[in-house]
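User: I'd like a close look at a single part of this protein. Could you walk me through it in plain words?

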Amino acid sequence: MPPHEGQGLERFEAMADLVIRRAVGFASLAIALVFLSLSFQLTLALRSGAVLVSLLWLIVLLKLAYVPSQDMRRSEIWLMIAERHSPDALPMQAAMRMAFANRLRWHADRIGAFAMTLWGLYLLMSIVT
């Protein structure tokens, strides 16, 4: 029985979450610093936050589009399990791609919703002021 069977996709999804959340966390830190540095003018802060979060959303979507052709042996997820498994395990790569794509799609949905919320707040503030 291959090493990934019996574990399900949950383990790969947990690893994918770790990789994605680390990257999104660093980007979010940069966005938060820009947002806070422009907090003297709320409309400008909301607009810059909306633009930057939308850019992050587009980057995650581009990464999602690249996953089907990605060689998972060159990913961070592979590095997490490479010590325990053969580097030529093609079925494991397919399972990792599916798990990574599922988690990227989930994160892209949340980031897109947050971007739309920021755009809505920006439009509301620009109408009010």
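What is the volume of the largest pocket?

Analyst: Keep in mind that this is a predicted model. The largest pocket has a volume of about 230 Å³. It is lined by 14 residues, and the closest to its centre are Ile-20, Ala-23, Lys-63, Phe-100 and Leu-104. Sorted by class, that lining comes to 10 nonpolar, 2 polar and 2 charged residues.

Where does the lining come from? Helix H1 (10-37), helix H2 (42-66), helix H3 (76-81) and H4 each give at least two residues to it.

With 25 residues, H2 reaches 36 Å from its first C-alpha to its last, which is close to the 36 Å expected at 1.5 Å a residue. Quite a few H2 residues are buried, including Thr-43, Leu-46, Gly-49, Val-53, Leu-56, Val-60 and Leu-64. Across the protein chain, 36% of the 129 residues count as buried.

Now over to H4, which covers residues 90-128 and holds Gln-93. Gln-93 counts as buried because its relative accessible area is 2%, and the cut-off for buried is under 20%. The side chain of Gln-93 also reaches the backbone nitrogen of Met-72, at 3.3 Å.

One last thing, about contacts in the protein chain between residues at least 6 apart in sequence: 73% of them join residues at least 24 apart.

Note on methods
Residues numbered from 1 in each chain as written. Predicted model: local features only at pLDDT ≥ 70, side-chain atom pairs only at ≥ 80, totals over all residues. Heavy atoms only, no water. Helix = DSSP H or I, 4+ residues; strand = E, 2+ residues; numbered from the N terminus. Buried < 20%, exposed > 50% of the residue type's maximum accessible area, 1.4 Å probe, protein only. Polar contact = N/O pair within 3.5 Å; in protein donor to acceptor, adjacent residues only side chain to side chain. 1 Å grid on protein atoms, 1.4 Å probe; cavity = no way out; pocket = protein on both sides within 12 Å on 5 of 7 lines; lining within 4 Å. Points joined across faces, edges and corners; volume = space filled by probe spheres on them. Nonpolar A, V, L, I, M, F, W, Y, C, P; charged D, E, K, R; others polar. Expected span 1.5 Å × (residues − 1). Contact = heavy atoms within 4.5 Å.
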